Amino acid sequence: MDIKLPKGTKDIFLAEAEAYEQVESALINVAKLFSYAAIRTPIFEHTELFTRSVGDSSDIVRKEMYTFTDKGDRSLSLRPEMTAGVIRSIVENKLDVTADLPIKLYYVGPAFRYERPQLGRYRQFHQFGVENIGISSPYSVAETISLGVTAFTVMGFKQVTVKLNSLGDASTRDAYRTALKSFYEPHLPNLCPDCRQRFQINPLRMLDCKVPADQTLAKKAPHITAFLSKESQSYYAQVKTALKELNVAYTEDPQLVRGLDYYADCVFEFHMLSDKGLNYGALGAGGQYNNLVKELGGQPLKSVGFAFGLERLMAVLADSGRLDNVKPFTDIYIISMMPETDLYALKLSHNFRHSNFKTELNLEHKSMKASIKSALKKDAIYAVIIGDQEMKVNQVTIKNLQTQEQQLVPVNEVVHLMQHLTNQPGHHHHDEEAPDHGHKE
Ligand code: ATP
Ligand code: MG
């Protein structure tokens with residue numbers, strides 16, 4: 001077959017798929033720990049949702065969106081991020097009016113951006129994120145950032161750094177925009193074409209340019225910190241006080257502006273080198289968005305959120321050797337030796353599964369050596385071997401694949417014995433036909 005994966009996408013299977021599930025469930029647990037609830041929104045939305053929220057001037061909307069017209073002549077786009085859809089859903093379902101504030105939601109799922117594929121950058125990738133909508137205290141911003149840091153701690157990392165900046169309020173950004181324009185004006189002819197456009201539509205974005213020459217110049221640009229209004233300054237100070245109280249290590253980066261149009265006040269990124277010292281860029285990013293809910297037709301609600309890119313997280317975890325032992329495993333590997341024993345083996349697998357053992361059933365009738373090899377490949381701990389001689393006297397062989405010890409066991413005691421051997425607590429024996437004889441070793 002000569003049909004291949006679309007560029008910038010990837011198949012995730014076996015050990016890697018298992019690792020994704022484990023990381024996702026760890027992240028979800030942290031969100032629940034902070035009392036967030038789940039939300040799932042569509043993978044495509046009306047294009048206008050993204051032009052209005054992410055913003056016309058953002059790289060995402062200008063260059064990276066997968067936009068198409070459906071058979072009903074609607075312009076739709078694959079979601080490049082999740083916040084827009086979450087807020088649309090909140091407004092559409094009137095949660096901004098009816099729910100207790102703040103509304104705290106987490107999500108995990110694929111997002112799509114037409115970008116040049118490279119390390120940590122795909123066209124279909126996955127985000128885990130949280131939205132804390134309708135907050136009234138700056139401490140809620142610190143609380144949300146600490147959720148992100150806690151997620152890294154739970155994954156076994158301590159050295160995460162939070163880059164932090166404040167974009168202030170509207171008056172702050174107005175003043176800063178003017179200052180930036182005067183700074184950049186004389187350099188315009190030397191800037192990249194994108195930056196010349198950004199100069200017109202959203203000069204803040206010029207600080208975020210990835211072209212090296214423009215980055216060098218951006219380092220000399222005035223800092224927004226000097227333009228923060230009194231209110232913005234004191235708000236920002238309170239966020240930082242709370243972060244210190246929560247032992248969150250942060251570094252202020254006055255150049256941090258983030259790529260989306262809806263941000264205001266605090267913005268932040270999560271950075272960390274892998275144990276081998278590789279830098280995958282921002283592993284996660286977010287900030288406050290105070291006008292977005294209103295902009296999409298809802299109440300004026302101060303909000304904060306962030307998103308992690310799972311591919312970058314997984315890359316750091318893998319690079320740091322944290323995924324080496326993550327693979328699917330089996331508790332019990334049942335080997336049926338011949339066609340006559342298959343039904344018996346099938347029944348036994350059913351009993352094991354209903355007693356919560358991860359059970360594989362091998363009906364291939366290969367040699368014992370080959371079957372044990374397959375069991376080891378599945379990382380099984382025990383093999384249960386069923387031959388016709390044993391079946392006739394209602395017995396099976398249990399083999400510990402680590403110690404090679406094996407024993408003959410009456411079939412009606414095998415589930416119970418296995419619970420004993422594996423120290424499995426509190427089991428229900430739904431479908432066990434044979435009475436439990438209370439086997440003791
Ligand atoms: P960058 O500056 O690296 O392009 P961004 O500002 O576009 O990042 P956000 O829109 O804030 O990123 O998305 C949040 C997170 O999603 C990023 O920190 C990153 O981990 C991840 N991410 C963004 N774009 C991609 C992509 N194309 N492939 C993989 N992960 C991505
Ligand atoms: Mg980007």
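Predicted model: local features only at pLDDT ≥ 70, side-chain atom pairs only at ≥ 80, totals over all residues.
Q: What makes Glu-115 a polar contact of ligand 1?
A: A nitrogen atom of ligand 1 is 2.7 Å from an N or O atom in the Glu-115 side chain. A polar contact is a pair of N or O atoms within 3.5 Å, so this pair counts.

Q: How do you know that Gln-127 and Arg-312 make polar contacts with ligand 1?
A: A polar side-chain atom of Gln-127 lies 3.1 Å from an oxygen atom of the ligand. For Arg-312, a polar side-chain atom also lies 3.1 Å from a ligand oxygen atom. The cut-off is 3.5 Å, so both pairs qualify.

Q: How much of ligand 1 does the protein bury?
A: Taken alone, ligand 1 exposes 590 Å². The protein buries 92% of that.

Q: Which residues come nearest to ligand 1?
A: There are 17 residues around the ligand. Arg-113, Glu-115, Arg-121, Lys-210 and Arg-258 come nearest.

Q: What makes up the shell around ligand 1, by class and by strand?
A: The shell residues divide into 7 nonpolar, 4 polar and 6 charged. Strands β6 (124-133), β10 (284-288) and β11 (303-309) each supply at least two of the shell residues.

Q: Why is α2 called roughly perpendicular to α4?
A: The axes of α2 (residues 47-55) and α4 (residues 83-92) cross at roughly 105°. Angles of 65 to 115 degrees count as roughly perpendicular, so α2 is roughly perpendicular to α4. The two axes come within 9 Å.

Q: How do you know that α2 and α4 are in contact, and which residues meet?
A: Contact means heavy atoms within 4.5 Å. Leu-49, Phe-50 and Ser-53 in α2 meet Ala-84, Gly-85 and Arg-88 in α4. By class, this contact has 3 nonpolar, 2 polar and 1 charged residues.

Notes:
Residues numbered from 1 in each chain as written. Chains lettered and ligands numbered in written order. Heavy atoms only, no water. Near = heavy atom within 4 Å. Polar contact = N/O pair within 3.5 Å; in protein donor to acceptor, adjacent residues only side chain to side chain. Areas by Shrake-Rupley, 256 points an atom, 1.4 Å probe, with all protein chains shown as cover. Helix = DSSP H or I, 4+ residues; strand = E, 2+ residues; numbered from the N terminus. Nonpolar A, V, L, I, M, F, W, Y, C, P; charged D, E, K, R; others polar. Axes fitted to C-alpha atoms, helices over the stretch in contact; angles between N-to-C directions. Parallel < 35°, antiparallel > 145°, perpendicular 65-115°, else oblique.
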